[in-house]
Amino acid sequence: MGNKQILITNDDGIFAPGLAALVSALTGLGDITVVAPLSEKSAVGHAITISDPLRVQEISKDNRFFGYAVNGTPADCVKLGSRCLMPVRPDLVVSGINLGPNTATNIIYSGTVSAAAEGTIMGIASIAVSLASFHSSDFSFAAGIARRVAGEVLQRGLPEGTLLNVNVPAVSPEEVAGIQITRQGRGRYEEAFDKRVDPNRRTYYWLTGKRMILDEEPDLDDRAVLENKVSITPIRYALTDESFLGELKTWDFSLQE
Ligand code: MN
């Protein structure tokens, strides 16, 4: 049996420090192939590219081959990487380490989590890792967590269709209050549009938002991170509302008038 094949990607782009930290952390767990967007693709969700060509660029760092940059989305990177750029299909997809948390409602918009979701669609065990800060440059603790989780997943596997969404608080290791298995919260940003004027006196808008936690339950992802805990949530995309299915069947949708 050969080495485990690991595909590493992200949504912050191939030059992001969080990606480099993840690559270092997972070195030794298997054969690593980096396939990541050429430029930042945060909040593109699960978008894929179907109307434009995908081009691949080989990127070197310190005169050594580092990985493949793709002019597409994180989901494109997982599809193209595992089908065309890796020698064999990966055993594991790891996406991150994202700069900024991916908890609660943000999961839907997240390119980081969507890359992992793409892995699960392809039947590959997948993990998303995010650091809960938009400006920290210290990925070392999160990288250690990523390695622990990746090692465990390689050993145990995951249920088909389920990914692990890992969020790490941006505090010093001594301040971390443990690891909590969580559920997705329903918290969302309190959003506002900053209305501005460009040099040509045309109005433009920039989406801004501040954090808002809506739920009080103790085992939610956003709350765990707020309490300086590492949050690990098993996520699966099954969008049917089972609780409403029965009632909807009683509605009158008959084709005859
Ligand atoms: Mn990002």
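User: Before we start, what do buried, exposed and partly exposed mean here?
Analyst: They're about relative accessible area, worked out with a 1.4 Å probe on protein chains only. Under 20% is buried, over 50% is exposed, and anything in between is partly exposed. This is a predicted model, where local features need pLDDT of at least 70, side-chain atom pairs count only at pLDDT 80 or more, and totals for chains, interfaces and linings use all residues. Residues are numbered from 1 along each chain as its sequence is written, and side-chain values use heavy atoms, leaving out hydrogens and water.

User: So is arginine 186 buried or exposed?
Analyst: Its relative accessibility is 54%. The cut-off is over 50%, so arginine 186 counts as exposed.

User: How many salt bridges are there?
Analyst: A salt bridge is a side-chain nitrogen of Lys or Arg within 4 Å of a carboxyl oxygen of Asp or Glu. By that rule, the count is seven.

User: Which residue does glutamate 217 meet in a salt bridge?
Analyst: Glutamate 217 itself is partly exposed, at 33% relative accessibility. Its salt bridge has an N to O distance of 3.6 Å, and the partner is arginine 186.

User: What N to O distance goes with the salt bridge of arginine 196 and aspartate 194?
Analyst: Arginine 196 is partly exposed at 32%, and aspartate 194 is partly exposed at 31%. Their side chains meet at 3.2 Å.

User: How far apart are the closest N and O atoms of glutamate 152 and arginine 156?
Analyst: Glutamate 152 is partly exposed at 36%, while arginine 156 is exposed at 65%. The two form a salt bridge, and those closest atoms are 2.6 Å apart.
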